[in-house]
Each structure stands twice: as C-alpha cells, then as structure tokens.
Amino acid sequence: MSLLSVKDLHTSFFTDAGEVRAVNGVSFELERGKVLGIVGESGSGKSVTAYSIMQILAGTGRIVSGSIQFDGQELVGAGEKVMKDIRGNRISIIFQDPMTSLNPTYTIGQQLMEAILLHTDRNRQQAWDRAVEMLRLVNVNEPEKRMKQYPFEFSGGMRQRVMIAMALACEPDILIADEPTTALDVTIQAGILELMKDIQKEIGMAIIMITHDLGVVAQLCDEVIVMYAGGICEQGTADEIFYNPCHEYTKGLLRSIPTADDNGEKLEPISGTPIDLLNMPKGCPFAPRCDNAMKICLREKCERMQINDDHAAACWMNVRKAVKGE
Ligand SMILES: Nc1ncnc2c1ncn2[C@@H]1O[C@H](COP(=O)(O)OP(=O)(O)O)[C@@H](O)[C@H]1O
Ligand SMILES: [Mg+2]
C-alpha cells in the first residue's frame, strides 16, 4: 500500500466570476521514502494540489471530489480534528517565502521549540537540544547562538534552512516543499536542494517537491508529475520524463531549462499564455499553445495513455505515433 494515494482529485474556487477548476482530476501514488516532483508553470495547480492534501485551502476553495488516502486513512471529509493531528505532525509543508512563514517577533529558538513541543512529547530541555540538533542538521553554524536570534538576523537562505528544520523537527512521514528555493538565488538554491537530499536519505521520509523548474527535479526526484491547467499531462520516472518526454508541453518545459553549456544563448520559453480556468477549452488544454497541435487536439481531450510501465502521458501525438507504427 502506498503511503499517499491521491485519486481523481478535483478542487475548485467558487468565485464571483464562476467556478475556478484549479485541480482537475489529479491522481498519483507516493511510496514511503521516495521523492515525487510536481512540475508546471505558474498557475498550473501545483500549490492547490498540496493545499488540498493538507486541507489548508484559502477562502472559497473546496475539494469537490476525489480521494486522498494517507497511510490507509481517507482524508477527504475526515474533518478538522483528524487534519490537525496530521498537519505538521505526519505531513509538513515548507512554503515559498520563508519570511512570511516565520514570526518576526519570536526568536528562531522559540519557534523551533514550539514546533517540537507541539508535535512530540519532549520536555523543554529535550526540545532545546533537539532544536539545536536540527539547526546543525541543516548546516546553520553556531546553532546555540543562532537559537537566540530573530528572523531578521538571518539571510534568506538561512531562513529557508530554519523552515526546513522546523518542518523536519517532528519527523514527518511526508515533507511537502512548495517551491522552497524559488525566492533564493541560484547558488543558495543548489545548497538547499543538496541539503534536502542528504536529510531525505538520512531520515528516509517521503518528499513532494513542487517547482516550476525541471532542473530542480533532475537533482532530487524519483518520480515526476507534469501539471498543466490543473491536470496531469505526463507522469513517470525522472529518467523517462527527461530522456523520453512524451507530451509536447513537457518537451517545451525541457527546452526552457538553462544548462551549463548554454553560454548565454537564448532559451526558448513556451509561447502563449496559460489558459483561462473559467473557460476551459474542449480539447487538450495545451493545444492553443502547441506548435504541433493537430485538428483532433482542439476538438477532443486526449486520454492518458501508458507509454511503458514507468510512464504515462495524455498527448494525441503518442496516439498518432502508435497508429502510424513510428
Ligand atoms: N484563493 C484563490 N481564489 C481563486 N482562485 C485561486 C485561488 N488560489 C488559486 N487559484 C486558482 O488556482 C490556479 C492554480 O493555482 P496554484 O495551485 O497556486 O498554481 P501553481 O501551480 O502556480 O502553484 C490559479 O491559476 C488560480 O486561478
Ligand atoms: Mg504555487
């Protein structure tokens, strides 16, 4: 049995303008100790998928249908009492902006200790020791001294390390990292990702790494989900997604990754703008932006098709290839 099993999840925001279908039938499995990447441009539904799992949807957001099973327990409709027990305890989340996630009026130590006291049965001395240990684990120098400092005394990269320490303090089964390095500069980004990989190996928890950057996924993930317009267009092992992409959107994302030998050459961003979720097209949601779109792509949505045991995609190009025997 998978640690986390999401089936046909639909989450919408009910706005004055209408129902915004932010997540449209997302399904995936996460095994214990594995790293799953969720990739896609801004607005593709990555965060809403994560917030649905945690049930921390803002305002008018609601899970409309689907199932989220965690360690054998159904979370959809489970109620706030169950979720309170799971949040920060068995599933932790790190947000994109560490400044807004830390309270500026408490020291780093107070905040770390609070998280530990809340989620474990350690006493204050043990919580202090654990907090120091966690800071050391995330490579914060002089952790005892740092415990007494306030968030403003930390750089952006350091604050994000503290957030990781905080998320890990309760030893969750799953860590959801929602663009944890997007606000940081590239060299610090690489360091944080290395760190997460090391800790993941050491503690053996599962990670859901959310990012708009396929490069981040390459460093870290076993499995990858590529999202577009609230749905999954392609899903597979990291190797399959990188070396055998089977959806035109994924191919576009791959062309837009900067590589070491680019020499400042122009990358190719995918042209056009993401679709309006209030007015979903009839066919493939990516078709209006796809250079290789065929007539059928505009007319009819492509069902998910198994490429091999480790790989599935929903792109008419695969059907055409199969029919033509290419
Ligand atoms: N609070 C909200 N109210 C209305 N619509 C929202 C809200 N939050 C997100 N959305 C919609 O859901 C879509 C997916 O958002 P999100 O999951 O945050 O994207 P991303 O992939 O960038 O994390 C957005 O395009 C937006 O239209
Ligand atoms: Mg997001």
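## Working through a predicted fold

Two bridges link β4 to strand β5 (residues 73–74), and the two run antiparallel. Here a strand is a DSSP run of E with at least two residues, a helix is a run of H or I with at least four, and both are numbered from the N terminus. Two strands pair if DSSP finds at least two bridges between them.

This is a predicted model, where local features need pLDDT of at least 70, side-chain atom pairs count only at pLDDT 80 or more, and totals for chains, interfaces and linings use all residues. Residues are numbered from 1 along each chain as its sequence is written, while chains are lettered from A and ligands numbered from 1 in the order in which they are written.

**Exercise 1. Explore the pairing around β4: which residues face each other, and which residue in the hairpin has a positive phi?**

Step 1: Start with β1, which runs antiparallel to β4 (residues 61–70) and is joined to it by eight bridges. Lysine 7 has serine 67 in β4 as its bridge partner.

Step 2: Now go to β5, where glutamate 74 is the bridge partner of glutamine 69.

Step 3: Check the turn. The hairpin of β4 and β5 has two residues between the strands, and aspartate 71 takes a positive phi near 50° there. Most residues other than glycine have a negative phi.

**Exercise 2. Trace the open sheet: which strands stand at its edges?**

Step 1: Write down the order of the eight strands, β6-β7-β8-β3-β9-β10-β12-β11, with mixed pairing.

Step 2: Look at the ends. β6 (91–94) and β11 (305–308) each have a single partner strand, so one side of each has no neighbour in the sheet.

Step 3: Take one pair up close: β6 and β7 (residues 174–178) are parallel over four bridges. Isoleucine 94 stands opposite alanine 177 in β7.

**Exercise 3. Describe the shell around ligand 1: which residues come nearest, and which element gives the largest share?**

Step 1: A residue is near if its C-beta atom, placed from the backbone, lies within 6 Å of the molecule or strand. Of the 16 residues around ligand 1, the nearest are Phe13, Ala22, Gly43, Lys46 and Ser47. The elements that give two or more residues are β1 (4–15), β2 (18–30) and α1 (46–54).

Step 2: The largest share, three residues, comes from α1.

Step 3: Sort by type: the shell has six nonpolar, nine polar and one charged residue. Nonpolar means Ala, Val, Leu, Ile, Met, Phe, Trp, Tyr, Cys and Pro, charged means Asp, Glu, Lys and Arg, and the others, Gly among them, are polar.
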